[in-house]
Amino acid sequence: MVVELLTKNFDGSYTREEVFEEREILFGDFMRFGVEREERRYEEIASMDKMKTLMDEYLEEYNLSSTNPMTLVFFDDAAKHAARLARILSQPRGNAMLVGVGGSGKQSSCRFAASMAGMKCFQIELKRGYAR
């Protein structure tokens, strides 16, 4: 059923082995750099190398506009996580709980994914007198 839906709704033809065994399928709407959020197209990410190159461009754009620049390395798993986070955050009421040890990059990858999805990130800080 999944293979039939993929073939029907997306370009190309797919086999069961190709879909479930040979490679991971990743989709996103960020594969065209510089396109406005409303005009983005949700499509399959066919090339990991192209995705990593685009992520480097998004990171450069983020660093130019941010007061806190980030240096990130997009190895395969980090790039896949950022793509998944961008997909989740761009959905209506999209949210995710990131679990991991401190210093593993949860906050950085989330800030980067929000930036890729065309969103602004903010953080609530609890302080003395927070209720006022």
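**Briefing: helices and pockets of a predicted chain**

With 5 residues, α4 gives the largest share of the lining of the second largest pocket. The structure is a predicted model, and its chain holds 5 helices and 2 strands, which follow one another along the sequence in the pattern α-α-β-β-α-α-α. The C-alpha trace of the chain spans about 60 × 30 × 30 Å along its principal axes, and of the 132 residues in the chain, 29% are buried. Among the contacts in the chain with a separation of 6 or more, 49% are between residues 24 or more positions apart.

**The second largest pocket**

- Sorted by class, the lining of the second largest pocket is made up of 11 nonpolar, 5 polar and 2 charged residues.

**The largest pocket**

- The largest pocket holds about 560 Å³ of space, and its lining consists of 22 residues, among which Y62, S65, S115, M119 and K120 lie nearest the centre.
- At least two residues of the lining of the largest pocket come from each of α3, which runs over 48-65, and α5, which runs over 106-116.
- The lining of the largest pocket divides by class into 8 nonpolar, 7 polar and 7 charged residues.

**Helix α5 and its surroundings**

- Within α5 the buried residues are S109, F112, A113, A114, S115 and M116, and the elements that cover these buried residues include α3 and α4.
- The axes of α3 and α5 lie 10 Å apart and the two helices pack at an angle of about 95°, a value for which α3 counts as roughly perpendicular to α5 because angles of 65 to 115 degrees fall in that class.
- On the α3 side this contact is made by M55, Y58, L59 and Y62, and on the α5 side by R111, F112, S115 and M116; taken by class, the contact of α3 with α5 has 6 nonpolar, 1 polar and 1 charged residues.
- Y62 of α3 and S115 of α5, which take part in this contact, are also among the residues that lie nearest the centre of the largest pocket.
- Just after α5 comes G118, whose phi is positive at about 80°.

- When its neighbours within four places in sequence are left aside, C110 is in contact with L85, L89 and L98.
- From C-alpha to C-alpha, C110 and V99 are 12 Å apart in space, while in sequence they are 11 residues apart.

**Where α3 meets α4**

- The axes of α3 and α4 cross at roughly 70° and come within 11 Å of each other, and that angle makes α3 roughly perpendicular to α4.
- In this contact M48, M51, K52 and M55 of α3 meet D76, A79, K80, A82 and A83 of α4, and the residues of the contact divide into 6 nonpolar, no polar and 3 charged.
- M55 of α3 takes part in the contact with α4 and also in the contact with α5.

**Two loop residues**

- V73 lies in the loop between α3 and α4, and its relative accessible area of 66% is over 50%, so V73 counts as exposed.
- Although 17 residues separate V73 and D56 along the chain, their C-alpha atoms are 8.8 Å apart.
- R93 lies in the loop between α4 and α5, where its relative accessibility of 80% means that R93 counts as exposed.
- R93 is not a glycine, and yet its phi is positive, at about 60°.

Conventions. Residues numbered from 1 in each chain as written. Predicted model: local features only at pLDDT ≥ 70, side-chain atom pairs only at ≥ 80, totals over all residues. Heavy atoms only, no water. 1 Å grid on protein atoms, 1.4 Å probe; cavity = no way out; pocket = protein on both sides within 12 Å on 5 of 7 lines; lining within 4 Å. Points joined across faces, edges and corners; volume = space filled by probe spheres on them. Helix = DSSP H or I, 4+ residues; strand = E, 2+ residues; numbered from the N terminus. Nonpolar A, V, L, I, M, F, W, Y, C, P; charged D, E, K, R; others polar. Buried < 20%, exposed > 50% of the residue type's maximum accessible area, 1.4 Å probe, protein only. Contact = heavy atoms within 4.5 Å. Axes fitted to C-alpha atoms, helices over the stretch in contact; angles between N-to-C directions. Parallel < 35°, antiparallel > 145°, perpendicular 65-115°, else oblique.
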